Every structure is written in structure tokens, then in C-alpha cells.
Amino acid sequence: SEELRLRAINVLSLINTDTAQQSVARMALSDEQSAPLRMAAFSALADSARRFGPHLDEMTTQALIDQAVGEPDLAMRTAASLAFGALNLPGPQAAEIILQSEK
């Protein structure tokens with residue numbers, strides 16, 4: 001159920017492992033999930049990133065950048081951008097999103 005998924009996302013955001021943070025990110029990035037669930041997952045991802053730092057692999061990070069730049073839904077794009085910002089990644093990845101948003 002969606003309620004169970006929400007609780008799982010919140011619990012996973014409190015665990016300091018790559019697997020937990022990537023699981024939250026996959027839920028946030030999944031088009032198969034409802035918009036409210038995805039928004040909650042982006043928020044949980046941001047909380048996890050602030051608490052533990054970035055634990056996403058390159059492919060998941062790129063998918064997050066793609067959502068932050070190209071998602072048609074403004075609320076979802078904003079949520080993805082906030083999660084990406086919370087990762088506080090150095091150099092090229094942060095610059096990439098800024099450059100893509102100027103196009």
C-alpha cells in the first residue's frame with residue numbers, strides 16, 4: 001500500500017548506507033509511483049543527503065539531474081532540484097544542472 005511505502009521511505013532515509021539512499025532515490029524517480037509518493041521520496045532523499053551526505057551512484061545521480069532539469073511538472077522538478085541540491089555535489093555535476101537550466 002502507499003501508506004506502507006511512505007513509512008518505508010521515511011525509515012530508509014534514516015539509515016546511513018548507499019543502498020538505503022539509493023532505494024529512496026529510485027522510488028522518487030519512478031514514474032510508476034504516485035505524485036504524492038514521489039514528492040515524499042524526494043523530500044526524504046534530501047533529508048538523507050543532508051544527514052549523511054551523498055550516497056548515490058553515478059547513474060542515479062544523473063537520473064536525478066535529468067528530473068531536476070527536464071521534468072515537465074514544476075512541483076516535481078522543484079522537489080527533484082531540492083533533493084539534488086541537498087546532495088551538495090562538487091564541481092561538474094552541480095555546474096551541469098545550472099548550465100542546462102539556462103537553455
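Student: How much accessible surface does the chain have, and what share of the surface belongs to carbon and sulfur atoms?

Tutor: This is a predicted model, where local features need pLDDT of at least 70, side-chain atom pairs count only at pLDDT 80 or more, and totals for chains, interfaces and linings use all residues. Residues are numbered from 1 along each chain as its sequence is written, and side-chain values use heavy atoms, without hydrogens and water. Areas come from the Shrake-Rupley method with a 1.4 Å probe, and for residues only the protein chains shown count as cover. The accessible surface is about 5800 Å², and the carbon and sulfur share is 57%.

Student: What percentage of the residues count as buried?

Tutor: Buried means under 20% relative accessible area (1.4 Å probe, protein chains only). The chain has 103 residues, and the buried share is 38%.

Student: How many helices and strands are there in the chain?

Tutor: Both are DSSP runs, numbered from the N terminus: helices are H or I with at least four residues, strands E with at least two. The pattern along the sequence reads α-α-α-α-α-α. The count is 6 helices and 0 strands.

Student: Which residues in H4 does H2 meet?

Tutor: H4 covers residues 58-70, and its axis lies 11 Å from that of H2, at about 35°. Axes are lines fitted to C-alpha atoms, for helices over the stretch in contact, with angles from 0 to 180 degrees between N-to-C directions. Contact means heavy atoms within 4.5 Å. From H2 come Gln22, Ala25 and Leu29; in H4 they meet Thr60, Ala63, Leu64 and Gln67.

Technical notes
Buried < 20%, exposed > 50% of the residue type's maximum accessible area, 1.4 Å probe, protein only.
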